[in-house]
Amino acid sequence: MRERLEQVYQDHRQGLFSLALAISRSVDVAEEAVQEAFVRLWRSRRQPSGDPVSYVFAAVRNAAIELARRRRTTEAIRVSLFDGAQADPAASAIAAERQRIVREAVDRLPLRQRQAVVMRLYGGLSFRQIADVLNEPLQTVASRYRRALERIRLTLEDKL
Amino acid sequence: MMLDEQLQRIEQELMRLPLRRAPATLDSKVAQARLRASIARRRNRMLSGLGVVAAVAACLLVAAAVVDWGGSGGQHAESASPIGVAYSAPIQIEQLWSSVAAEPDVLDGDGQAVRIQHQVVHQIRWIDEDRNIRIQWDFPSVHTETMPLEHNQWPVEYN
């Protein structure tokens, strides 16, 4: 069990952190949430019945929600999911502007849509695994993910 | 362009965006999490074990007192605590010493590691001054764990 948890951490370190950050919007709280989740997982004697990856993501999500509620990160210090640097420094001004708009659009997604996008794209989870983490039907998760992409597309259309 | 193609393009754009990286300290925090969980588990096991020992000891003391009273024809209790003389009740003292020491270590190869030793001594003393009975239990335990460090994070505080 311990080895499996460690393996999930090694394989999904960045994805777990990004999920906690997407929820808490604070680097410190996100880091603490990942730590807290692993304390609980290692302390628990319960064996995960399903997929261990979903199990760990769900634990990190719960810890992040709990800590974020307690800390109540203010709007002024909410950090972005993304590094401020451009993905491609040689990109044109229009491409750079497009990237900025996409980044902001992701940061402004409703929380559940943002979680679905982060787990899918940055955690590498399947819709089935995301559905397990969120404890929701597969179809709901898939359509929420699609709605998130559509929202980003509409934001781009409006602003460019 | 069809809607699905547009969404796929956005998906690809999203994947190219540079994420805010997880701090380098995250690895040591997760390693600490494992240590904290391990200490908590051991403490729980030890406390439940101590509970059993204390219950058994209490039963033995009660049994000893009953046998003692029966052997003296039921007179011993009265003679041990005559009217007008204060009887001091037995006392139980529990003490717990705990220390955590962390030392740098080197794994096979070039890996850096930290060796953490958690020592706990739980002592229970049961004293009955009137009957001149003193019982003492010591429960020492040592748990050592070696954990690899990534990104050369030593020194790390383990509190």
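What share of the contacts in chain B with a separation of 6 or more comes from residues 24 or more positions apart? The share is 64%, where a contact means heavy atoms within 4.5 Å. The structure is a predicted model, in which local features need pLDDT of at least 70 and side-chain atom pairs count only at pLDDT 80 or more, while totals for chains, interfaces and linings use all residues. Residues are numbered from 1 along each chain as its sequence is written, chains are lettered from A and ligands numbered from 1 in the order in which they are written, and side-chain values use heavy atoms, with hydrogens and water left out.

Of the 159 residues in chain B, 28% are buried; buried means under 20% relative accessible area, exposed over 50%, and partly exposed in between (1.4 Å probe, protein chains only). The accessible surface of chain B is about 10,200 Å², with 55% belonging to carbon and sulfur atoms; such areas come from the Shrake-Rupley method with a 1.4 Å probe, and for residues only the protein chains shown count as cover.

The interior comes next. A nonpolar core is a set of buried Ala, Val, Leu, Ile, Met, Phe, Trp, Tyr and Cys residues joined through side-chain atoms within 4.5 Å. The largest such core has 62 residues, and those with the most contacts inside it include F38(A), F57(A), M119(A) and L14(B). This core draws at least three residues from each of domain 1 (1-79) and domain 2 (86-160) of chain A, with domain bounds coming from an automatic or database domain assignment. L14(B) touches several residues of chain A, among them V102(A), V106(A), Y122(A) and I152(A), not counting residues up to four places away in sequence. A second, separate core of 6 residues includes A31(B), V114(B), I116(B) and M147(B).

Charged side chains also pair up. A salt bridge is a side-chain nitrogen of Lys or Arg within 4 Å of a carboxyl oxygen of Asp or Glu, and the count over all chains comes to 18. In one of these, E66(A) and R40(A) meet at 2.9 Å, N to O. E66(A) lies in helix 3 (residues 52-71) of chain A and R40(A) in helix 2 of chain A, so this pair ties together parts that are 26 residues apart in sequence. Another salt bridge joins R128(A) and D132(A) at 3.4 Å, N to O; these two are 4 residues apart in helix 6 of chain A and therefore separated by about one helical turn. D4(B) forms a salt bridge with R146(A), with the closest N and O atoms 2.9 Å apart. This pair crosses between chains, from helix 1 (residues 3-16) of chain B to helix 7 of chain A. Salt bridges that share partners also join E36(A), R40(A), E66(A) and R70(A) into one network.

Two loop residues of chain A deserve a look. R25(A) has a positive phi of about 60° although it is not a glycine, and it is found between helix 1 (2-24) and helix 2 (27-43). N135(A), also not a glycine, has a positive phi near 55° and is found between helix 6 (127-134) and helix 7 (138-159). R25(A) counts as buried because its relative accessibility is 12%, whereas N135(A), at 71%, counts as exposed.
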